[in-house]
There are 2 protein chains.
Amino acid sequence: MAYEYLLDQPLTPWMNHPGKDGDVVLSSRIRLARNICELPFPNKAEAAQLSKVEDKLEGLTEDLMADTGDDYLFIALDKLTSLERNVLVEKHIISPNHAAQPENRALLVSNDATVSVMVNEEDHLRIQCMFPGLNLGDALVLAHKIDDTLEARLDIAFNEQLGYLTACPTNLGTGLRASVMMHLPGLVFTRQITRIVNAATQLGLAVRGFYGEGTEAAGNIFQISNQITLGFSEQEIIDNLTSAVRQILNHERSARQALYKHSPVALTDKVWRAYGLLKYARSMSGQEALSLLSELRLGVDLNIIDAIRPALFNELVVTTRPNYLQKIIGNDDLNQSELNRFRAQLIRETLEAMDQDNAKGVV
Amino acid sequence: MAYEYLLDQPLTPWMNHPGKDGDVVLSSRIRLARNICELPFPNKAEAAQLSKVEDKLEGLTEDLMADTGDDYLFIALDKLTSLERNVLVEKHIISPNHAAQPENRALLVSNDATVSVMVNEEDHLRIQCMFPGLNLGDALVLAHKIDDTLEARLDIAFNEQLGYLTACPTNLGTGLRASVMMHLPGLVFTRQITRIVNAATQLGLAVRGFYGEGTEAAGNIFQISNQITLGFSEQEIIDNLTSAVRQILNHERSARQALYKHSPVALTDKVWRAYGLLKYARSMSGQEALSLLSELRLGVDLNIIDAIRPALFNELVVTTRPNYLQKIIGNDDLNQSELNRFRAQLIRETLEAMDQDNAKGVV
């Protein structure tokens, strides 16, 4: 696998098939924070020490392949352009912080991007496993497998009382962050979302917009994760999160049914208008694209509109992001209005290609 | 010709082909107010007197046919349902006042609705001639021809000093009102319309929305007419109006070109979004339909969008009006939300039929 593949494919392969409860839960992610003994945390480390961490990890690429049977790629982030790093952020493979400081930072990634290890982000290692749908269990099993391979060959900082030691005390203990990406248009349109977010927060969960902290919930996509990493076992953490997610999932499904039952015309109209605008607009902001795609996806999930591939939403949500868009156009110097034009064109062409596939019976 | 034809056809035939300067001027209309001597004006007349006027006019139907070579239909307004009368208002064949008080009111109308004579509206006779595009001259010639036929057989109230006597002094003299219907999206979008309306008013012209006084300029359609009927010859009145209309027409064309030159993407986007919404919406208010149709028509006139019949705008502007809509559905008891649904459906079906005609090469 060349790294260009990772950058150019709109979807990491796991996004192509919906997982369990895929009508509401887009993806599940497990992240384990790990640090290597006797080396300072990245924010206190000197270049030579960071480099040492990088070297150790690059040396483990073969072991990971042997243990998992998957291909892995080791990428030094400063070998990528800024645009390429930002595409990886948009694809949720690395974090914005990781992309912003590329010197002596690296990425170990499996060929289908199910597994990625950020090297020298806030911690020396951040093992991430992503699965489609609601599936934190399988993601945890896989993360443990990767962790076992790494821990067998590295001296990982662990304290009997505190658990895994991490740069930030909020990650101390299990070092585990579990998160799910949920599509919640029903709760947004019925104005129940604030109540649900407040309830989740009271349960010790964090609710964020599509691209993590500080971003709005564009496209009605919310990321829900545990805040507490200490004092609970890993299993308890993912059980708690899964249970809360199931409740939100049920509320979302009820909200969708209620919307459809009480205002079938208004909802159907909203969905088809979104389709009409996506299909014909000549200029579109990223924010508007996400909103309309969310409405279209809701229509697909409620069988209001057919002949739309289920993965189209996941695909366009990625391809319409500004960096990815500039990457496929091959020009990273576009202004906002040019970006908006290309975004509309890409959406139009994607929908037209789908229409033609449908006409040929290739769905 | 049966009167059902007049009601059911979306377009009066003259609307099917655009006239001179048809990109901006939708239609030209001449109206002559006439009254019969020794009978009180309609608002002072008793039923028997109104009835006498009706009888006289019905008796002249054959003469009109003989003199013009066209078929004419005499319709007593109280023989129509309220819905049918309102459809005639929406088609600009009779006035709202005429429709509201149907007893002893009638309509004499030519088979293509180019000529209509309202009987016992504000005056005993209101002769109206409508032509597509900017063509007040031909409309006046035809109106004179009808007037000659009627005056040869009726004793029309005329005073050497005051001219034709009319119920309202604002119509005294020539009894002539000339008006044109203009589509002015360029002036509206570039915010020049207020200045233009003020200038026209200072020239002694009246500027109104699509359905006469007191209505907003829905669909960016404006009706421009003379206010003064006394002290100028008929020719001077229509020359003045035509000259003002030509100026507005030039401003409108410049505004359209400027819009296209300075914001081609924004304008193209607006036009295609209008098309997308018209093509897919499931519910649409009459006001929104007119706005979107106006944007689409602008796109057709600027060659931004093709494969749209030029007459589509004129047709849908009529068919999406609430009374016409109820007439073709065959249910005059629809609530607003049902009307909005049927309106969206009718627009969708019209555009789909056009797509299919285009696919067959029948444009």
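Helix α9(A) is largely enclosed by the rest of the structure, because 13 of its 17 residues are buried, where buried denotes under 20% relative accessible area, exposed over 50% and partly exposed in between (1.4 Å probe, protein chains only). Helices (H or I, at least four residues) and strands (E, at least two) are DSSP runs numbered from the N terminus. The helix covers residues 264-280 of chain A, and at 1.5 Å a residue its 17 residues should span 24 Å; the end C-alpha atoms are 24 Å apart, which agrees. The expected span is taken as 1.5 Å times one less than the number of residues.

The model is predicted: local features need pLDDT of at least 70, side-chain atom pairs count only at pLDDT 80 or more, and totals for chains, interfaces and linings use all residues. Residues are numbered from 1 along each chain as its sequence is written, chains are lettered from A and ligands numbered from 1 in the order in which they are written, and side-chain values use heavy atoms, with hydrogens and water left out.

The same surface serves both copies, as 100% of the contact residues of chain B recur in chain A.

Contact between the chains (heavy atoms within 4.5 Å) involves 16 residues of chain B and 16 residues of chain A. The size of an interface is often given as the accessible area lost when the parts come together. Here the area buried between chain B and chain A is about 1500 Å², with 65% given by carbon and sulfur atoms; this area is the accessible area (1.4 Å probe) lost by two parts on being put together, summed over both. On the side of chain B, R273(B), Y280(B) and R282(B) lose the most area to chain A, together 41% of what that side buries.

Between chain B and chain A there are 2 salt bridges, each defined as a side-chain nitrogen of Lys or Arg within 4 Å of a carboxyl oxygen of Asp or Glu. E288(A) and R273(B) form a salt bridge through their side chains, at 2.8 Å from N to O. Helix α10 (residues 264-280) of chain B gives the most to the side of chain B that touches chain A, with 10 residues.

D269(B) is placed in helix α10 of chain B and counts as buried at 10% relative accessibility. The side chain of D269(B) reaches the backbone nitrogen of S283(A) at 2.9 Å. Leaving aside neighbours within four places in sequence, D269(B) is in contact with A281(A), R282(A) and S283(A).

Over all chains, the salt bridges number 32. One of them joins R253(B) to D21(B), with the closest N and O atoms 3.0 Å apart. This pair links distant parts of the chain, 232 residues apart: R253(B) is in helix α9 (residues 234-262) of chain B, and D21(B) is in the loop between α1 (3-8) and β1 (25-34) of chain B. R253(B) is partly exposed at 28% relative accessibility, whereas D21(B) is buried at 18%.

E121(B) and R126(B) form a further salt bridge, the closest N and O atoms being 3.4 Å apart. E121(B) is buried at 10% relative accessibility, and R126(B) is buried at 7%. The side chains of E252(B) and R256(B) meet in a salt bridge at 2.6 Å, N to O. These two residues, E252(B) and R256(B), are 4 residues apart in helix α9 of chain B and so are separated by about one helical turn. Relative accessibility is 0% for E252(B), which counts as buried, and 3% for R256(B), which also counts as buried. In chain A, salt bridges that share partners join K20(A), D21(A), D23(A) and R253(A) into one network.

Methods:
A polar contact is a pair of N or O atoms within 3.5 Å; within protein, one must be able to donate a hydrogen and the other to accept it, and residues adjacent in sequence count only if both atoms are side-chain atoms.
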